[in-house]
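Subject: Structure for you to look at

Dear colleague,

I am passing on the structure we spoke about, and below it you will find some notes on what came out of going through it. Please read them with the model open beside you.

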Amino acid sequence: MSAEELIEVKAADAFDDGEREIVEVNGAEVGVLRVDGEYHAVRNRCLHDCGPVAEGAVGKKLVGEFVEPGKRVEKDYDGDQPIISCPWHGWSYDLETGEQLADDDIVLPTYDVVVEDGIVYVANE
Amino acid sequence: MLESDESRRREETLDKYHVIDGDCHYMESFHDVAEYMEEPWKTKFEGSNFDEKGAKQNLSSFFPFSTGDRQAHGKVTREHSSYPDDPETPERIREGMEAIGVDETLLISHLILAGAGTTADDDRQSAFAKAYIEYMLEEVLDPDDGIHGLAPIPYGDVEASMEILDRVEDEDAYVGACFVTAGATPPLGNRKYDPLYERCEELGLPAVFHTGGAGLDEYVRAGYQEMIETHTLGFLESNMSQIVSLVIQGVPEKFPDLDIVFMESGITYIPGLMTRLDEEYLKRPEEAPLLEKKPGEYITDFYYGTQPLEISADTEYLEKCFDMVGTDSLMYASDYPHWDYDRPTTVTDLPFLSEDEKKQILSENAKEVFDL
């Protein structure tokens, strides 16, 4: 197993919440995002049709709860589960795990993000 | 293509199988059912000039309200049924079963198939369904002799439907509840029907969704000219629309112990619907938040009557369809004595099924689902 390599993204104090940067990791495009104070990094190549998923809309997972027969299913966004959606066809992934929301057998590659000495890095394992 | 095996007599091949028919139609007459109706429906029906006819469509054959004649303008006749000229009798049902090689049968009302399309008048459907329940119990159903019934559910009137489910709760002759898929508006995944599914689940009654010919002329648009057009498309549309609605609205998640059965659209439409719906779901899962797996996986949890089985299709294609749906989800159905009925030989003749798979389809799945 090769040693972990850190690829510099940019200074943490210049990385505003809601921003994203595209970097190259081992020949592949990776999107690094800061969402609600947390860093995430995903491959910028949708598993559906190779679209630029890391450049797509960031949102929350919509969940439903069956309360009782005959009543509307209660629907709300789960604030703990940020998702990212490919702008081409809307395939959506859990930003943390990379799992496609409709099928968790489909997993978008994710990367560790670390901050060292005020610099944001993506790990290439 | 299936090849003819002239060395084998078809009747003999059936002797070694116990066959349960998941979908046979009792050709009740308006007169017979009217005897069991409450007023004012009894008087109205008796005076409605329906005559003794069970299903014959003389007038509609010429001025069609359902795109033409079921009997293909005189081509199709029935030796072992009174259909379509006269009402059926219990004796004729047994004769028909024996003629096609069926040991046990599940009877579904013929007339309710037509009534379900009349969405403007749920009171009339409820009156009919309640009387049908009593008539069949009293005069036709005979579970000890393998004649079982499905209770028609006039789902447009949820209260009346609940009364019917209460009525059949302790009647062993009724082994399931029948929802005619044609005409269901809103579609049957809507929350308004939840109490019916909850009650069926509680009673251990499978929900049998049966397509129907009512309103076929304008099933989604007017202007078709021949029955081959509306029957091919309309029967499929009626079932597909309800499958999609049930799955996407999460009925299998809301009522996980409810057995769901779909009748009478063959089987090749199922893989097509599964793959199309899965493809959409991958793009729009937020619109079906109750689902815990892909729609296609719920679809294969449902059961399907085989009739009218597409036996003339390419064998490899048909085998792939059986693989995708699963032989544990299929049950033989005849639709006898309707014009396009299937004999059990449609299943026994399939070259790619093992003996165990044939038995599953011919009786074991139905036995388990309907607790026969």
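Two residues are said to be in contact if their C-beta atoms, placed from the backbone, lie within 7 Å. Helices (H or I, at least four residues) and strands (E, at least two) are DSSP runs, numbered from the N terminus. Please keep in mind that this is a predicted model, in which local features need pLDDT of at least 70 and side-chain atom pairs count only at pLDDT 80 or more, while totals for chains, interfaces and linings use all residues. Residues are numbered from 1 along each chain as its sequence is written, and chains are lettered from A and ligands numbered from 1 in the order in which they are written.

To begin with chain A, its secondary structure consists of 11 strands and zero helices, and its C-alpha atoms fill a box of roughly 55 × 30 × 30 Å along the principal axes. Of its 125 residues, 27% count as buried, a residue being buried if 20 or more other C-beta atoms lie within 10 Å of its own. Among contacts in chain A with a separation of 6 or more, 48% are between residues 24 or more positions apart.

Chain A also holds an open sheet of three strands in the order E2-E3-E4, with antiparallel pairing, where two strands pair if DSSP finds at least two bridges between them. Strand E2 (20–25) and strand E4 (38–43) of chain A stand at the edges with a single partner strand each, so one side of each has no neighbour in the sheet. E2(A) and strand E3 (residues 28–35) of chain A are joined in the antiparallel sense over six bridges, and A:Arg20 has A:Leu33 in E3(A) as its bridge partner.

In chain B, the buried residues of helix H12 (residues 269–283) are B:Ile270, B:Met274, B:Leu277, B:Tyr281 and B:Leu282. They cover an arc of only 140 degrees around the axis (taken from the directions from the helix axis to the C-beta atoms), which puts them on the same side of H12(B). What covers these buried residues includes strand E8 (99–100) and strand E9 (103–107) of chain A, together with parts of chain B, among them helix H10 (227–248) and helix H14 (315–325).

Finally, B:Gly149 lies in strand E3 (residues 147–152) of chain B and is buried, because 27 other C-beta atoms lie within 10 Å. Leaving aside residues up to four places away in sequence, B:Gly149 touches B:Leu107, B:Met136, B:Leu141, B:Ala173 and B:Tyr174.

Conventions. A residue is buried if 20 or more other C-beta atoms lie within 10 Å of its own, exposed if 12 or fewer, and partly exposed in between; C-beta atoms are placed from the backbone. The expected span of a helix is 1.5 Å times one less than its number of residues.
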